[in-house]
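Please look at the sequence and structure first.

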Amino acid sequence: MSGGDEGPPRLAMWLLERFLAGDVREAFIGDLEEVFRETMLAARGTRAARLWFWREVLSAPLTVRRDPALQTASGGDGMLMNLLADVRYALRLLARRPAFTALAAFTLALGIGATTAIFSAVKPILFEPLPYPHPGRVMMVWEMDQDGGKSNLGFPTYRDITKQSTSFETTAAIGGWSATITGRGEPESVNGQRVSYGFFRTFGVAPALGRDFVSADDATSAERVVILSDALWRRRFAGDASLVGKPISLAGVPYTLIGVMPKSFENVLGPQAQMWTTLRYEGEVAPACRTCRHLRMVARLRPGVDEASVNAELSLLGRNLDRAYPNDYAKGGLHVVALHDEVTSSVRPALLAVLGAVGLVLLIACANVMNLLLARGVQRQGEFAIRAALGASRVRVVRQLLTESVLLSLVGGVLGLGVAVAGVRALVWLSPAGLPRLTAIKVDAHVLLFALAVTSLVGILFGLLPALHATRSNLHHGINLASRRTTGSARFTRTTLVIGEVALALMLLIGSGLLIRSMQRVFAVASGFDAGHVVAVQIRTAGKTFNEDSAVWRFYDQVVQSVRAVPGVQSAAVTTQLPLSGDFDQQGVRSESHPRANPAEDPSAFRYAVSPGYLETMGIRLRRGRLLNQQDGIGKPFVIVISESFARRVWPGEDPIGQRVQFGSDTWYTIVGVVADVKQTSLSAPESDAFYVPADQWSYASNAMTLVVRTNGDPALLSGALRKAIWSVDKDQPIVRVATMDELRVVSEAQRRFALILFECFAGIAALLAAAGIYGVLAGSVAERVREIGVRSALGASRSDILSMIVREGLGMTLIGVVIGIIGAMVSSRVLAGLLFGVSGLDAVTYGSVTVLLGVIALIACAIPAWRAARVDPAVTLRAD
Amino acid sequence: MSTHLGEFEQLVLLALLRLGEEAYGVAVQKEIASETGRRVSFATVYTTLARLEVKGFVATRQGDPTPERGGRRKKYFEINALGKRTLKESLRAIRTMARGLDASWDTL
């Protein structure tokens, strides 16, 4: 109920002002308001008073209407009165046919609810600007490699762009960071970002508490400072504002807490990041090199600068850099992309496909309800005829029917909103990890409006057709109720609708069929490792005791030893990088025998710094040479093992064993073995170039390693024992993630799986609705043709003749729908192309099997009406007339 | 125009008689409620008053606007001579018809 705090409900007042007859309006409203203020408010409170007011208002037009004198006295009230009368009548009718009403409302609720849920999820991602001031001006800047792939930048490149470009208002470089909060309760590893001081200014968001970074914080010699997210500050530090300005301990090092970001700050470039510190690279000599490409760059354009002109400026700048440092750049140039495109481009195909699919579901739902109403319209022709005979105009009857359908769609809309709320929750739960702006997904007011708009549109759409049909035929003729046969045009419309439903359902079924086949293909791809019985546990080291690399290696060595002693463990090892986990660590490799003229163009490969036994534990097959073993370590010759694809790429047709390579330093590593290719980023990604190096032969130790353990039984059962074993070495080390390799395989295909699950749901609903449509039309047809069927069987038609006659009718509709659906699927399969893997959008097997499936469903839908027709007793039907 | 009066029309006309100069929508509704216990909506009161006006039984005049009415004027209703006569006729008819029935009332 709307209205101000004290006065009567505003909407009710407006209704009165708008619709009440002119001569009583003032006195009537005045009386109501007087009683409302004088008596009701004081005696019963605001709520009750308003309720009373509404009751008075709603009874007004209906009561007043019955008075002929008042009705003629006013011009404005006729419409509302007719409308209210229509609504009452429609409500009575709908209540009298609960089965029809429930079926129609439920169908609509499914269509509207699913549409609203999907739209809710897609809207903040694809259609809404990012939650920053002037979001269109926030850009990402990339270095491009030769193949047109985007690459991170080294700090000097970032600094040159910032200094030389005139297009940007502010810029920031972003690096990864994670640190363990120590000193307060249990150690906890928290993700963060190391950023240049302009980071928050680039987004246009300032801390809610304390201060932003300033340039002095970014100097090499600056004291360490940290800004926390609102969530982390509240959870870990109890929202204590007095902590701002005080030191907190991260991995044993004191950082001054200088600020807390507002709760509303959404960090699309690092949704997991909970804290930020400065890069501290600003100084006379940059501590990072041009080829150390470990930073992302974000920048805010000056007002009036567009994407094209900044790209023109940066390509010039890129050429200058190439000339000045020919050995540091791969000559791909620099490129600017709007942040919004950057964030959404990877999920766009899946979301658009899902949006399209749900649109089809809504269409089918509408067609189904239209069909239901059409059938009812036919049944009610007698009623319309009587109303016409009593003086109702055609417009009046059409309006009554429209009221009914709008009302029905409103009921469907309300139910659909419930479906939407549940659906959005399910979507967030189902969503792939990479989906950006997850926290922004909710059923909001806009989506509610969208649902209502869809509902009324649908109402008018499906109300119009039956209304026209019902009144096109001669109304007076209809009083003659002897025959209930559907008029030819109504039957044609209904059949057309069912054909359309079948076609749309087939399109959805083919879409999900293609996705299912892709999923099978993806999981059939050899991952290169043996996922069964392997569990992976990531451990981070933190604290002063680990300042020395040797201490880190010793710690991990002890962990491996301790875990190997756990009963049920076959083997264990550690690695810096785990396949399919989201880890991404590539390293440029310089071959002694095939060096590139420009070191920046050296091939890069995934780097796995591992302990001996890693390759065996993961079940990665040896192709040539030998694996790494206990003898490879500190003080021994530097050795690596490489992947097959990498061997082919750098030493095609040669034996790579014994070849030497460098990794950005002077140390030469000798290749001692070649192993099978392993999928690192995803099962469907082609690149597998990799090398494996003994962890203690690498130039630095990593503070995050993943322990991989092969077990005899179910690996998930051992996780408790594993934790205990790890903590027995050092109880202060946080365990970050525990997952079996099988789980990681599934998670790595989350986006495809997400689309697949939704398509399966939608296709299931669509097939059900189409089957209901076929059933409805046939059942109606059988009911209308009882006499004809009776005559036929009296003249000697057998039961199977009758049966096949009805089935033929049903399958005929299905066949036409299938042909149209196949054409539609072929045309629209391009939408799905980005989600398919190893399957063509025109895959004959999928099309064939799905068509058969739909045929079976259609046959089942035909069965009941056909059976009923075959049981028609000719004697009974003929006697009835 | 019909001279027949419905039961509620009688109640309204009686209320106008009792209220005299002070008869407007709220007062009529309250008078009926307090004397008979019947709570009716304003719509009912106004519909009836309007019908009585059309039938020529009541006259109306505008009052002054007051703040508690949102600055709206009252509309006062007054029963006229024809109205009084008709009401009297109507009540007399009822009394006549009911005469002598009082004794057997409880056995009905």
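Q: How many salt bridges are there between chain B and chain A?
A: This is a predicted model, in which local features need pLDDT of at least 70 and side-chain atom pairs count only at pLDDT 80 or more, while totals for chains, interfaces and linings use all residues. Residues are numbered from 1 along each chain as its sequence is written, chains are lettered from A and ligands numbered from 1 in the order in which they are written, and side-chain values use heavy atoms, with hydrogens and water left out. A salt bridge is a side-chain nitrogen of Lys or Arg within 4 Å of a carboxyl oxygen of Asp or Glu. Between chain B and chain A the count of salt bridges is 4.

Q: Which residue of chain B forms a salt bridge with Asp31(A)?
A: In this pair the closest N and O atoms are 2.7 Å apart. The partner of Asp31(A) is Arg69(B).

Q: How much area do chain B and chain A bury between them?
A: Contact means heavy atoms within 4.5 Å, and the contact here takes 21 residues from chain B and 26 residues from chain A. Buried area is the accessible area (1.4 Å probe) that two parts lose on being put together, summed over both. Of the area buried here, 57% is on carbon and sulfur atoms, and the total is about 2,000 Å².

Q: Which residues in chain B lose the most area to chain A?
A: Together they make up 31% of what the chain B side buries. They are Tyr46(B), Glu68(B) and Arg72(B).

Q: How many residue pairs are in polar contact across the interface of chain B and chain A?
A: A polar contact is a pair of N or O atoms within 3.5 Å; within protein, one must be able to donate a hydrogen and the other to accept it, and residues adjacent in sequence count only if both atoms are side-chain atoms. With both residues at pLDDT 80 or more, the rule finds 11 residue pairs.

Q: Which element supplies the largest share of the side of chain B that touches chain A?
A: Helices (H or I, at least four residues) and strands (E, at least two) are DSSP runs, numbered from the N terminus. In chain B, α2 (25-36), α3 (42-54) and β2 each supply at least two residues of the side that touches chain A. The largest share, 8 residues, comes from α3(B).

Q: What distance separates the end C-alpha atoms of helix α4 of chain B?
A: The helix covers residues 81-98, which is 18 residues. The expected span is 1.5 Å times one less than the number of residues. That gives 26 Å, and the computed distance agrees, because the end C-alpha atoms are also separated by 26 Å.

Q: Which residues of α4(B) are buried, and what arc do they cover?
A: Buried means under 20% relative accessible area, exposed over 50%, and partly exposed in between (1.4 Å probe, protein chains only). The buried residues are Gly83(B), Thr86(B), Leu87(B) and Ser90(B). They lie on the same side of α4(B), because the arc they cover around the axis, taken from the directions from the helix axis to the C-beta atoms, is only 100 degrees.

Q: Which elements do the buried residues of α4(B) pack against?
A: On the other side of α4(B), Ala81(B), Arg85(B), Lys88(B) and Arg95(B) are exposed. The buried residues pack against two elements of chain B, α1 (7-19) and β2 (72-79).

Q: Which residue caps the N-terminal end of α4(B)?
A: A side-chain oxygen of the capping residue lies 3.3 Å from the backbone nitrogen of Leu82(B). The cap is Asn80(B).

Q: Is Glu33(A) buried or exposed?
A: The side chains of Glu33(A) and Arg37(A) meet in a salt bridge (3.0 Å, N to O). Both lie in helix α2 (residues 22-65) of chain A, 4 residues apart, about one turn of the helix. Arg37(A) counts as partly exposed at 32% relative accessibility, whereas Glu33(A), at 5%, is buried.

Q: Which backbone oxygen does the side chain of Thr575(A) reach?
A: Thr575(A) lies in strand β13 (residues 569-575) of chain A and is buried, with a relative accessible area of 0%. Beyond four places away in sequence, Thr575(A) touches residues including Tyr608(A), Tyr614(A) and Met705(A). At 2.8 Å, its side chain reaches the backbone oxygen of Gln577(A).
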